[in-house]
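Please consult the sequence and the structure while reading.

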Amino acid sequence: MEESWTRQLRNEFPKPYFQTLLEFVKNEYATNNKAIFPKESEIFGAFDSCPFDKVKVVILGQDPYPTKGHAHGLCFSVQPDVSPLPKSLNNIYKEIESDIGRPFYEHGDLNRWANQGVLLLNSVLTVREGKADSHKNKGWELFTDAVINQLNDHKSEIVYLLWGAKAMKKAENVNRDKNLVLTAPHPSPLSSYRGFFGCKHFSKTNDYLINHDKKVIKW
């Protein structure tokens with residue numbers, strides 16, 4: 001994991017839940033290596049692409065895509081060669097185009113956001129192929145809760161984009177007096193028309209960043 005995050009989260013690593021999680025994940029890769037996503041080297045991709053001190057925006061997802069060749073450690077993001085795009089990501093691009101007029105990118109690799117200070121954090125960081133939520137309740141949720149707590153305790157003026165009930169619950173302890181919390185239904189086809197489309201979260205994020213003398217995100 002990237003050095004600044006290692007420092008912030010060092011107290012989590014010795015805890016019993018994390019040691020149990022570590023053994024579970026190691027065993028999963030040892031016995032089902034080609035069917036566990038993302039690759040081991042990309043589990044902490046969100047942290048590697050967006051150091052702690054650079055975080056300006058947090059987007060919360062659920063767990064990695066369970067489709068081979070898609071997940072690479074950043075929520076909603078896929079490998080550059082994935083086509084067609086996952087439906088949720090496609091809907092995110094639609095809202096960006098509607099909100100700020102930026103046309104669709106040719107690919108779904110969101111490292112370009114992460115490199116600008118967007119932490120693309122899933123609640124659960126690993127998954128078994130074809131089985132969404134297969135690594136749920138193994139300890140990842142406690143670890144990513146600690147991530148949110150570290151940000152809340154040590155940083156301010158962060159924009160949290162929370163799409164769907166799970167993301168909202170994940171960040172329910174974020175201090176709204178010193179951060180901007182924007183909520184909307186999840187961008188999946190099942191719920192996007194209930195308020196994700198038209199939420200204008202991308203322009204609202206940049207307006208907030210401008211008002212706090214921060215560089216906008218080039219969505």
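From the N terminus on, the elements of the protein chain follow the order α-α-β-α-β-α-α-β-β-α-β-α-β-α. The model is a predicted one.

Q: How many helices and how many strands does the protein chain have?
A: The order of elements, read from the N terminus, is α-α-β-α-β-α-α-β-β-α-β-α-β-α. Counted by type, the protein chain has eight helices and six strands.

Q: What radius of gyration does the protein chain have, beside that of a compact globule with 219 residues?
A: The C-alpha atoms fill a box of roughly 45 × 40 × 25 Å along the principal axes. A compact globule with 219 residues would have a radius of gyration near 17 Å, so the value for the protein chain agrees with that expectation: 17 Å.

Q: What share of the contacts between residues at least 6 apart in sequence join residues at least 24 apart?
A: A contact here requires heavy atoms within 4.5 Å. Among contacts in the protein chain between residues at least 6 apart in sequence, the share that joins residues at least 24 apart is 66%.

Q: Is Asn206 buried or exposed?
A: Asn206 belongs to helix H8, which spans residues 201-211. Beyond residues up to four places away in sequence, Asn206 touches Val216, Ile217 and Trp219. Buried means under 20% relative accessible area. Because its relative accessibility is 11%, Asn206 counts as buried.

Q: Which residues line the largest cavity?
A: A search of the whole structure finds one cavity of 30 Å³ or more, and the largest cavity holds about 30 Å³ of space. Its lining divides into six nonpolar, no polar and two charged residues. The lining residues are Tyr93, Ile96, Arg102, Pro103, Phe104, Tyr105, Arg112 and Trp219.

Q: Is Lys34 buried or exposed?
A: Lys34 lies in the loop between helix H2 (16-32) and strand S1 (36-37). The cut-off for an exposed residue is over 50% relative accessible area. Because Lys34 has 70% relative accessibility, this residue counts as exposed.

Q: Which residues is Lys34 in contact with, leaving aside its neighbours within four places in sequence?
A: Pro86 is 52 residues from Lys34 along the chain, and their C-alpha atoms are separated by 21 Å. Leaving aside neighbours within four places in sequence, the contacts of Lys34 are Lys68 and Glu129.

Key
Residues numbered from 1 in each chain as written. Predicted model: local features only at pLDDT ≥ 70, side-chain atom pairs only at ≥ 80, totals over all residues. Heavy atoms only, no water. Helix = DSSP H or I, 4+ residues; strand = E, 2+ residues; numbered from the N terminus. Buried < 20%, exposed > 50% of the residue type's maximum accessible area, 1.4 Å probe, protein only. 1 Å grid on protein atoms, 1.4 Å probe; cavity = no way out; pocket = protein on both sides within 12 Å on 5 of 7 lines; lining within 4 Å. Points joined across faces, edges and corners; volume = space filled by probe spheres on them. Nonpolar A, V, L, I, M, F, W, Y, C, P; charged D, E, K, R; others polar. Rg over C-alpha atoms; globule rule 2.2 N^0.38 Å.
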